[in-house]
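Please keep the sequence and the 3D view open while reading.

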Amino acid sequence: MRQFLKNFALITIGLVAGVAATIQFSATAQQGSQLPLDELRTLSNVFAQIKREYVEPVEDKQLLTDAVKGMVSGLDPHSTFLDKRDFSEMQEQTSGKFAGLGIEITPEDGVVKILNPIEDSPAARAGLQAEDLITRLDDKPVRGMSLDKAVRTMRGTPDTKITLTIFRKSEERSFPVTITRAEIKVQSVKAKILDNDIAWVRITSFQERTVPDLAKKLTELANQDPKLKGVILDLRNNGGGLLQGAVGVAAAFLPTDAVIVSTKGQAPDSKQVFNASPAMYRLSEPGDPLAGVPEIYKKLPMVVLVNAYSASASEIVAGTLQDYKRATIIGKTTFGKGSVQTVRPLTNDSALKITTAYYYTPSGKSIQAFGIKPDIPVDQNKDGDPDDVLVTREVDSEKHLRNKQSAEDKLIKDREQRRLEELQRIKEKNAKKTPEEKEKDKNKKPVELGSADDFMLSQAVAFINGQPVKRSSSKLE
């Protein structure tokens with residue numbers, strides 16, 4: 001097994017959220033398989049034809065870089081070639097600080113879809129929402145623009161402005177939003193004491209500082225309220241991040257050396273088992289970052305909150321705590337990204353981010369494509385979540401990796417049937433609404449997580465207090 005250097009996340013303004021990635025130095029390029037001559041001749045002929053006949057001259061380096069990017073991007077939604085700028089930005093973003101708008105995005109139907117606006121970012125303050133589609137950047141249409149170019153257009157110098165044209169599917173309307181770029185500083189761990197002596201801990205992403213920051217917050221909460229009777233770990237809208245971060249967060253609530261997650265793939269070094277030991281979650285600091293966490297957190301009644309935007313590393317934590325019956329999972333089915341991306345440097349300033357393994361929960365379950373099912377499905381809003389039927393998950397991606405443990409075709413067909421039934425139910429319900437009710441729905445703002453209006457959180461509190469919980473009425477759950 002090759003020794004890995006460090007895990008890097010790709011939680012950024014423009015790369016797909018939810019990457020649990022390992023960066024490794026290797027001689028992969030020198031150890032490749034024998035290349036097929038016929039296909040190489042085709043590549044050579046296309047290259048020569050473009051050089052001779054394309055309407056404008058194209059540099060050799062650009063053509064070959066585009067060929068490599070096309071080859072990698074054709075594998076699955078999460079594999080990509082990182083050129084000098086991409087590689088540099090990825091390393092910058094792992095620290096939790098970068099310049100831009102503060103959104104996680106992914107391509108969809110030729111445009112760009114917002115997966116999640118990062119809390120306290122310019123995008124969040126401007127009112128952008130998950131599932132919004134970006135159709136124009138200033139005066140340039142996004143359709144036909146590569147994701148890399150869209151990212152670079154949105155990134156820029158702090159205090160400069162950019163206008164995004166947004167199409168909001170739930171409201172069937174387009175509108176412009178002008179946002180001022182800023183340096184994005186992501187605080188990955190937030191915590192407070194709720195009423196009834198319950199600790200609320202929210203993790204927005206898994207970064208280098210997440211585990212030591214979590215340890216600090218847990219210790220402060222225990223000192224603040226020695227009568228704690230429960231803890232709620234909030235992973236909603238958490239698109240993932242560092243694999244070690246997920247291992248460390250789960251380890252804070254489990255016995256020492258408990259298996260957290262395993263990975264399996266084709267290469268020998270893709271077969272690994274991660275357990276709740278410091279060597280598996282320690283990153284930049286010596287010692288055990290969880291050493292001072294009070295033992296009470298291993299036993300307190302616990303709820304984990306998740307939704308459709310809880311992905312990858314978040315799903316590792318939720319799946320692990322669910323397997324051990326350490327926590328009750330409440331919320332919505334998670335995104336379903338159950339694969340590991342390894343970032344292998346190719347030169348000093350380029351790298352290949354390639355899917356190398358599936359990950360499995362301690363019981364051996366793969367969550368690829370279908371996600372973690374909550375023990376108790378609960379809506380985000382008291383009166384239901386009609387927009388859920390429009391939410392896309394990993395299973396909706398055209399090139400998603402198949403879940404080898406399931407009869408995927410049957411499950412997808414069943415899911416689509418339930419989605420159509422839900423659409424019909426919502427259509428009939430909306431037909432009965434008055435114009436005033438429709439206008440009220442249109443102007444309703446997203447719930448601020450952790451606030452007094454957070455219905456899903458209130459149901460988690462009710463569960464810990466032994467009170468009834470209002471289950472979701474959605475056919476999708």
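1. Helices (H or I, at least four residues) and strands (E, at least two) are DSSP runs, numbered from the N terminus. With that naming, Asn348 lies in the loop between strand E19 (339–347) and E20. Asn348 is exposed because its relative accessible area is 83%; buried means under 20% relative accessible area, exposed over 50%, and partly exposed in between (1.4 Å probe, protein chains only). Asn348 and Lys84 are 264 residues apart in sequence, and 8.5 Å apart in space, C-alpha to C-alpha.

2. A word on the source. This is a predicted model, in which local features need pLDDT of at least 70 and side-chain atom pairs count only at pLDDT 80 or more, while totals for chains, interfaces and linings use all residues. Residues are numbered from 1 along each chain as its sequence is written, and side-chain values use heavy atoms, with hydrogens and water left out.

3. Which residues of the largest nonpolar core touch the most other members? They are Leu233, Phe253, Tyr297, Val304 and Leu321, in a core of 49 residues. A nonpolar core is a set of buried Ala, Val, Leu, Ile, Met, Phe, Trp, Tyr and Cys residues joined through side-chain atoms within 4.5 Å. A second, separate core has 23 residues, including Ile103, Leu137, Val142 and Met145.

4. Val304 can be followed residue by residue. Leaving aside neighbours within four places in sequence, Val304 is in contact (heavy atoms within 4.5 Å) with Leu233, Leu235, Ala318, Leu321, Ala327, Thr328, Ile329 and Ile330.

5. Is helix H7 mostly covered or mostly open? H7 is mostly covered, with 9 of its 9 residues buried. Among these are Leu243, Gln244, Gly245 and Val247.

6. Helix H9 is largely enclosed by the rest of the structure, because 10 of its 11 residues are buried. The buried residues of H9 include Ser314, Glu315, Thr320 and Gln322, along with Ile316, Val317, Ala318 and Leu321. What covers the buried residues of H9 includes E14, H7, E15, E17, strand E18 (328–331) and E20. After H9 comes Lys325, whose phi is positive, near 55°.

7. Now the pairing of strand E15. Two strands pair if DSSP finds at least two bridges between them. E15 and strand E16 (residues 272–275) run antiparallel and are joined by 4 bridges; here Val259 stands opposite Asn275 in E16. E15 also runs antiparallel to E20, with 3 bridges, and Lys264 has Tyr358 in E20 as its bridge partner.

8. How many salt bridges does the structure hold? There are 27 salt bridges, a salt bridge being a side-chain nitrogen of Lys or Arg within 4 Å of a carboxyl oxygen of Asp or Glu. One of them joins Asp60 and Lys51 at 2.6 Å, N to O. Asp60 counts as partly exposed because its relative accessibility is 38%, and Lys51 counts as partly exposed at 40% relative accessibility.

9. Lys169 forms a salt bridge with Glu108, the closest N and O atoms being 3.6 Å apart. This pair links distant parts of the chain: Lys169 is in the loop between strand E9 (161–168) and strand E10 (173–180), and Glu108 is in strand E5 (residues 103–108), 61 residues apart. Lys169 is partly exposed, with a relative accessible area of 22%, whereas Glu108 is buried, with a relative accessible area of 16%.

10. Another salt bridge brings together the side chains of Asp409 and Arg402 (3.4 Å, N to O). Asp409 counts as exposed at 55% relative accessibility, while Arg402 is partly exposed, with a relative accessible area of 44%. Elsewhere, salt bridges that share partners join Glu108, Lys113, Glu131 and Lys169 into one network.
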